[in-house]
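Here is a quick tour for anyone meeting this structure for the first time. Take a look at it, then read on.

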Amino acid sequence: MKKYFAFFTLPTVLAFLIAFLIPFLMGIYLSFTKFTTVNDAHWVGFSNYIRAFTSDQDFLNTLVFTVKFTIVSVVLINVLAFALALLLTRKIPGTNIFRTVFFMPNLIGGIILGYIWQLIINGVLATFGVDITFDASFGFWGLVVLMNWQMIGYMMIIYVAGLQSISSDLIEASKIDGANSWQTLKSVTIPMVMPSVTICTFLTLTNSFKLFDQNFALTAGAPGNSSAMLALDIYNTFYGRMGYEGVGQAKAVVFFIIVALIALVQIRLTRSREVEN
Amino acid sequence: MKRFKKILALTLATATIISMAAGCGGAAGSSSTAASAAPASEAPSGAASTAATGSGEIYYLNFKPEIADVYKKIADAYKAETGVTLKVVTAASGTYEQTLKSEMAKTDAPVLFQINGPKGYANWKDYCADLKDTELYKHLTDKTMAVTDGDGVYGIPYVVEGYGIIYNNAIMTKYFALSGAKAKSMDEINNFAKLKEVVEDMTAQKGKLSIKGVFSSTSLKKGDDWRWQTHLANLPVYYEFKDNKIDLKSSDTSEIKFQYADNYKNIFDLYLNNSVTSPKMLGSKSVDDSMAEFALGRSAMVQNGNWAWSQISGVDGNVVKESDIKFMPIYTGIKGEEKQSICIGTENFFAINKKASADQQKLATDFLTWLYTSDKGKAFVTNDLKFIAPFDTFKENERPTDPLAKEVLRYMGNTSLTNVPWNFTVFPSQTFKDNFGAALLQYAQGTKKWDDVKKLVIDQWKSESGK
């Protein structure tokens, strides 16, 4: 059967090449060049990387903002999602309806969510005579709320699946051994759902780090660039500034390396805490 | 049986590949419209992209979303007359540069595109063909308006526009009739001091005038702040260059002192403090919001250009009569400004893609010649595009008749006043403008001092010029 290998994998391989690998390699190449459109690049070496950090402080500022945002939202989303999952795996009437309701925001696109929340937040802030562009911290917390609203439902579903797969024998055994509910949670439930934790932290971490749509729609970086995140800054550099296309590309490569590193480290860390059934 | 299985497997595999290839082909065919629709609005393509047959196709990347529909009509007419397909893709507002950037990278790149002046030319130098020998350039009334480099002509202006303070004459008349009004007619308002007096008095009496504020919201939302960081900033920069006798084509424009910063502050403060919206809430106001406020009669004045007429008249429940909408120059308190007119110029220049095939370039120039010299084309320009065309092929009676265009023509014809040219085409970069706009917002919100804004303008101008 081996000779049919090509027939069955070719479509996927081609799609992967066209949509991912070729643009990715081209992107790395372009980060070392100066270009206006992607077809007329001239080699310039590392100068784009130097300019990414020296021409202005935007890249570093957005990096700091992104890291802060990621920490806050990863913690909040996972804690809240896990709490909801715990609640909704008890035999409460209407569990299914609640699960559906919490999951729904995830089905709405980021741009739309951004605009919806912009209206809501501006509506609230209007009573204080300001709007979301007034202070970067408004944008920050706006984004946190938005992301929580969008992601909690999704993570909750993963945690629910994890919780349901814990065999009731284990819980029963811990009860017989005299563990109270906190001890059961800490020593039985959480270790058993570690695979879900791995997935959920991975998803929230990378999604928060490379957030773009929501940021673009909610604040677009206002005031100034102080609520812009990395992806938005890369977009602005590439499209918003003539002569900075290569710099934008260099930033994108640095961005990729950071995201890849963080994701790898995180997976290592949480994997090591998973227990075998 | 074994053989049957083999054949079945083979057929299925082939089918998969074929359907995938077909999928790719389909995607490539429609990509020109899909990709350009990127951020917000759909890009209406003038003609079906499948119609590219023998007689050729011109791909035009349009800058002005407000006239996208008109180009559809033009494309149909041109197709009927010459058989050449005009494919018009329109970039969403504020996204022209990035759309152009990605479109230019394609095999099927735009042949006809536009640059926004000398700065735009500097960026697209490698793509701009020399238009010196084109029919259109020969008809250009004022040759100094074109974008030139050495002997070559690389951008031909295709429209003349004007901007100033648009006012609703009905509300002004109502004010002048009040007892104790600070002026009795618009003629009296010919400098900043008088304007300020009148505006502040109008604000005090806004209940009687049934308006919410004299000026529409100073839209400082990101991407909607060009009326301030570009258009309004043109005035102090114009006077500064004029005072110091700076040659606009030289590198002397790479630094400014912003010596008329206080004049800018004068008018900007007036806008902020006599507005429909409180200054702290301006960060989410768009140009559309401002124009709607004006159209609904909630404000008496708004700074914008003659292109705004279609916006004003298009607002549902528009109460501003065509005969009541007028222009006034933007006064900032500069000496001798009684003789100042509105700002007249353009940032719309046609350019032709040098890298396109010679045939395509020829088709594009032919189209331009048709549009601006044939009777049919000219009718479109005047009546549908509503352009004041800067070409000698247009006779006196071939001018647009919308109220603001008429006002622009009135000011252009008034020789006792000096028109302010559009010097903002030498502003260093979009980043400069964006940063300036962001600083203006922070100033409006009270989180930045004026001196810091001024410093930022000077520093950013210099650093953005020096790249």
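## Asp131 of chain A

The side chain of Asp131(A) comes to 3.3 Å from the backbone nitrogen of Gly283(B). It also makes a polar contact (an N or O pair within 3.5 Å, one able to donate a hydrogen and the other to accept it; residues adjacent in sequence count only if both atoms are side-chain atoms) with the side chain of Ser284(B), at 2.7 Å. Keep in mind that this is a predicted model, where local features need pLDDT of at least 70, side-chain atom pairs count only at pLDDT 80 or more, and totals for chains, interfaces and linings use all residues. Residues are numbered from 1 along each chain as its sequence is written, chains are lettered from A and ligands numbered from 1 in the order written, and side-chain values use heavy atoms, leaving out hydrogens and water.

Asp131(A) sits in the loop between helix H5 (110-126) and helix H6 (136-164) of chain A; helices are DSSP runs of H or I with at least four residues, strands are E runs of at least two, and both are numbered from the N terminus. Is Asp131(A) buried or exposed? It's buried, with a relative accessible area of 1%; buried means under 20%, exposed over 50%, and partly exposed in between, using a 1.4 Å probe and protein chains only. Leaving aside neighbours within four places in sequence, its contacts (heavy atoms within 4.5 Å) include Asn122(A), Phe138(A), Lys280(B) and Gln445(B).

## Helix H17 of chain B

H17(B) covers residues 430-445 and reaches 23 Å from first C-alpha to last, close to the expected 22 Å, which is 1.5 Å times one less than its number of residues. Of its 16 residues, 13 are buried, so the rest of the structure largely encloses this helix.

At its start, a side-chain oxygen of Ser429(B) reaches to within 3.3 Å of the backbone nitrogen of Thr431(B). Just after the helix, Gly446(B) takes a positive phi of about 85°.

Chain B has 18 helices and 12 strands, and 55% of its 467 residues are buried.

Tyr264(B), leaving aside neighbours within four places in sequence, is in contact with residues including Trp228(B), Phe436(B) and Leu440(B).
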